[in-house]
Amino acid sequence: MHIFFAGDGNTGSDGMAVYGNMGGCTLTPTETAIQEAMEVEDVFTKDEVAKRSYEKAEKFRRDQAAQIRYATEEGRQEGRLEGRKEGEEKGILGTIAVLKSLNWDKKTIALKLVEVFGLDDKAANGYVDANW
């Protein structure tokens, strides 16, 4: 079997590069992939059952890859959200510590937390009480 490929290499009479048969030539990774694809295609033209089996296996691999990409992106989004929550928590605790050191009272600190962090009154008072 001969492989015809546009690119550098030995040029045939049609202007395409001729890389020879598998018996005596050295293939680069790209050429190897082309050879494998041609061999798979050759099997498919002879055996419809093998073709369907291969197509099912390829669909399964593509579906798996899509599921992995989806799960990875979901994990990243969860991580970002978790990181934001942790950062906000540190900001709230830091704010309480600084305002407490400036002798602000609990009620005023809680109001500041509502203003700056958008907390409701109950949550703000809970943070202040827990960290007083």
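Visitor: Is the crossing of H3 and H4 left-handed or right-handed?
Guide: The model is a predicted one. In it, helix H3 covers residues 106–117 and helix H4 covers residues 121–130. The crossing of these two helices, H3 and H4, is right-handed.

Visitor: Which residues of H4 make the contact with H3?
Guide: Both helices contribute to the contact. From H3 come Lys106, Ile109, Ala110, Leu113 and Val114. The residues of the contact divide into 3 charged, 1 polar and 7 nonpolar. On the H4 side the contact is made by Asp121, Ala124, Asn125, Tyr127, Val128 and Asp129.

Visitor: At what angle do H3 and H4 pack, and why is H3 called oblique to H4?
Guide: The axes of H3 and H4 are 8 Å apart. Angles over 145 degrees count as roughly antiparallel and those from 65 to 115 as roughly perpendicular, with oblique used for the rest once roughly parallel angles are also set aside. H3 is therefore oblique to H4, as the two pack at an angle of about 130°.

Visitor: Is Thr108 buried, partly exposed or exposed?
Guide: Thr108 lies in helix H3. Buried means under 20% relative accessible area and exposed means over 50%. Thr108 has 32% relative accessibility, so this residue counts as partly exposed.

Visitor: What distance separates the C-alpha atoms of Thr108 and Val128?
Guide: Along the chain, Thr108 and Val128 are 20 residues apart. Their C-alpha atoms are separated by 10.0 Å.

Notes. Residues are numbered from 1 along each chain as its sequence is written. This is a predicted model: local features need pLDDT of at least 70, side-chain atom pairs count only at pLDDT 80 or more; totals for chains, interfaces and linings use all residues. Side-chain values use heavy atoms; hydrogens and water are left out. Axes are lines fitted to C-alpha atoms, for helices over the stretch in contact, and angles run from 0 to 180 degrees between N-to-C directions. Helices (H or I, at least four residues) and strands (E, at least two) are DSSP runs, numbered from the N terminus. Angles under 35 degrees count as roughly parallel, over 145 as roughly antiparallel, 65 to 115 as roughly perpendicular and the rest as oblique. A crossing is left-handed if the near helix is turned anticlockwise from the far one by less than a right angle, and right-handed if clockwise. Contact means heavy atoms within 4.5 Å. Ala, Val, Leu, Ile, Met, Phe, Trp, Tyr, Cys and Pro count as nonpolar, Asp, Glu, Lys and Arg as charged, and the others, Gly among them, as polar. Buried means under 20% relative accessible area, exposed over 50%, partly exposed in between (1.4 Å probe, protein chains only).
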